[in-house]
Amino acid sequence: MEKFQKISSRVIIVLALIWAVLMSTGMLTVGQSYFAIGVLSAYIGVQNIILLNWGQRTGQMPNKITHLVERHGEQKGILTYVVVNILLYLLIGLVVMYCGWTLM
């Protein structure tokens, strides 16, 4: 799981840097820029849900989930993590992707 986290975090950083370079050079339109940011946000949401599922199957939760469980308790900590990831990253990412798609 730690290897997946390291690889995935590097993928996120590389994608964000590519987006920043393309955006600063003017190679992306506004719609393409929104779509790319939406994809990045949705990717983060999916990655975090995969980490939660993987952690529950193996019994070893990632540090960010362990912190929430210690702080809020088992049920509320995991529920908070899921709600934030689904609503904040995944849903907003999909909405931004749709808005970018309509602007293209």
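This is a predicted model: local features need pLDDT of at least 70, side-chain atom pairs count only at pLDDT 80 or more; totals for chains, interfaces and linings use all residues.
A nonpolar patch on the surface is formed by L79, V83, I86, L87, L91 and V95, which together have about 520 Å² of accessible area.

The chain contains four helices and zero strands, and its pattern along the sequence is α-α-α-α. Along the principal axes, the C-alpha atoms occupy a box of roughly 45 × 25 × 20 Å. Of the 104 residues in the chain, 25% are buried. Among the contacts with a separation of 6 or more, 73% are between residues 24 or more positions apart.

Two aromatic pairs were counted in the chain. One of them is formed by F35 and W101, with a centre-to-centre distance of 6.0 Å and an angle of 50 degrees between the planes, and is classed as tilted. This pair links distant parts of the chain, as F35 lies in helix α2 (residues 30-58) and W101 in helix α4, 66 residues apart. The two partners were also assigned accessibility classes. F35 has a relative accessible area of 26% and is therefore partly exposed. W101 counts as exposed because its relative accessibility is 56%, the limit for this class being over 50%.

Terms used: Residues are numbered from 1 along each chain as its sequence is written. Side-chain values use heavy atoms; hydrogens and water are left out. Helices (H or I, at least four residues) and strands (E, at least two) are DSSP runs, numbered from the N terminus. Buried means under 20% relative accessible area, exposed over 50%, partly exposed in between (1.4 Å probe, protein chains only). Contact means heavy atoms within 4.5 Å. Patches are made of residues with over 30% relative accessible area and no salt bridge: like charges are joined within 9 Å, nonpolar side chains (Val, Leu, Ile, Met, Phe, Trp, Tyr) within 5 Å. Accessible areas come from the Shrake-Rupley method with a 1.4 Å probe; for residues, only the protein chains shown count as cover. A salt bridge is a side-chain nitrogen of Lys or Arg within 4 Å of a carboxyl oxygen of Asp or Glu. Rings of Phe, Tyr and Trp (its six-membered ring) pair if their centres lie within 6.5 Å; planes under 30 degrees apart count as stacked, over 60 as edge-to-face and the rest as tilted.
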